[in-house]
Amino acid sequence: MKNKFKIAAVVVTYNRLKLLKQCIDSLRTQTRKLDEIIVVNNLSNDGTLEWLKEQTDLTVITQENSGSAGGQFTGIKTAYEKGYDWIWCLDTDVILEKNSLQNLIDSDCFNRTDTGFLSSTIYFTDGKLAYPNIPELNGSYNLADMVAFGNPAPILSASFGSLLINRKIIKQVGYPCKDFFIWGDDAEFTLRIIKNGFKGYMVTKSNALHECGVNNPKPYLHLKMNDTKFIYGMRNMVYVAIQRNQITHNSTVRGYLSGLFFVIRLYKDHIALVNSIAPGYLMSCLRLYFKGIFFRPEITKPES
């Protein structure tokens, strides 16, 4: 019965042709065949569009670069409107094992009425967990089951590295928020699912490989202040901290403090890195902190 569901994969790409080819190849060889593979091309200029035109088994959507958030919005919206039961959201730099999808479907959580999303376990090339894709655990005692028996682990949020969602979730909570552009959009989206009363799980038997350049536990530290990822990421993660604390502690104020502590930790790490007080860096961080506090992203829901 599980395999009678119609499932579409959504892959968002921007100037990562080599990685895109590897990701698509791993989707084509899944033991549970996909009903459609949707690729959202954010106006790549590295030959991606030319290669995509040669592929006969892909649905390709090319749009202005709207970041990972805008790409996932378009892809998920397309899959939803086509009537797919499940939508598998993926990053371009993730390579799936052949049974990654089947193991998500075979999970005990797949058919639960309160399941909002399922995430694969994503590793880096050195065999360690990939920092960008480590989900946020919810502190449940059920984590003991994961450690002892390899059962799904309850989580609060997850990345778009390998995220399986049900169309009923989209209908109730809406699509990913385009306003995020990049970084934090997946955390906000999955936290929103949890906030609406659903649950999320990391399936330890569904594995994938993240081919990112560096497995960096502090991705903001080496970014320049004018970097797009720094500007959007800082603002977005402050907003996410507020949403997270509203869920876990029913406290917006705690979210403000959590976001501020994030800024302070980053500034202290930056001082240690450059061996300088760097007041301009601090002012930039605080400016983005306040942007995060007053950020009011627009949430779009399906019309039907």
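Select Arg 244 and show its surroundings. Beyond its neighbours within four places in sequence, Arg 244 is in contact with Glu 136, Leu 191 and Met 237 (contact means heavy atoms within 4.5 Å). Arg 244 belongs to helix H8, residues 228-248. Helices (H or I, at least four residues) and strands (E, at least two) are DSSP runs, numbered from the N terminus. Arg 244 is buried, at a relative accessible area of 18%. Buried means under 20% relative accessible area, exposed over 50%, and partly exposed in between, with a 1.4 Å probe and protein chains only.

Before moving on, note what you are viewing. This is a predicted model, in which local features need pLDDT of at least 70 and side-chain atom pairs count only at pLDDT 80 or more, while totals for chains, interfaces and linings use all residues. Residues are numbered from 1 along each chain as its sequence is written, and side-chain values use heavy atoms, with hydrogens and water left out.

**Helix H10**

Select residues 279-293. This is helix H10, with 15 residues. From first C-alpha to last, H10 reaches 21 Å, close to the expected 21 Å (1.5 Å times one less than the number of residues). Now colour the buried positions of H10: Tyr 281, Ser 284, Cys 285, Leu 288, Tyr 289, Gly 292 and Ile 293. What covers the buried residues of H10? The cover includes H8 and helix H9 (252-274).

**The nonpolar cores**

Select Ile 87, Phe 117, Ile 165 and Ile 193. These residues have the most contacts inside the largest nonpolar core, which has 37 residues. Such a core is a set of buried Ala, Val, Leu, Ile, Met, Phe, Trp, Tyr and Cys residues joined through side-chain atoms within 4.5 Å. Zoom in on Ile 193. Leaving aside neighbours within four places in sequence, Ile 193 is in contact with Gly 116, Phe 117, Ile 165, Ile 169, Val 173 and Phe 198. A second, separate core has 33 residues, including Ile 24, Trp 88, Phe 124 and Tyr 201.

**Strand E1**

Select Thr 13, in strand E1 (residues 7-13). Thr 13 counts as buried, at 1% relative accessibility. Not counting residues up to four places away in sequence, Thr 13 touches several residues, among them Leu 20, Val 39, Ser 44 and Thr 92.

**Aromatic pairs**

How many aromatic pairs does a search of the whole structure find? It finds 14. Rings of Phe, Tyr and Trp (its six-membered ring) pair if their centres lie within 6.5 Å; planes under 30 degrees apart count as stacked, over 60 as edge-to-face and the rest as tilted.

Select Phe 5 and Phe 110. Their ring centres are 5.6 Å apart and their planes are at 80 degrees, so the pair is edge-to-face. The two residues are 105 residues apart, with Phe 5 in the segment before E1 and Phe 110 in the loop between helix H4 (100-105) and strand E6 (115-124). Phe 5 is partly exposed at 26% relative accessibility, whereas Phe 110 is buried at 2%.

**Charges over rings**

Select Arg 167 and Tyr 80. The charged end of Arg 167 sits over the ring of Tyr 80, 4.0 Å from its centre. The test is NZ of Lys or CZ of Arg within 6 Å of the ring centre and within 35 degrees of the ring normal. Last, select Lys 6, which lies over the face of Tyr 84, 5.1 Å from the ring centre.
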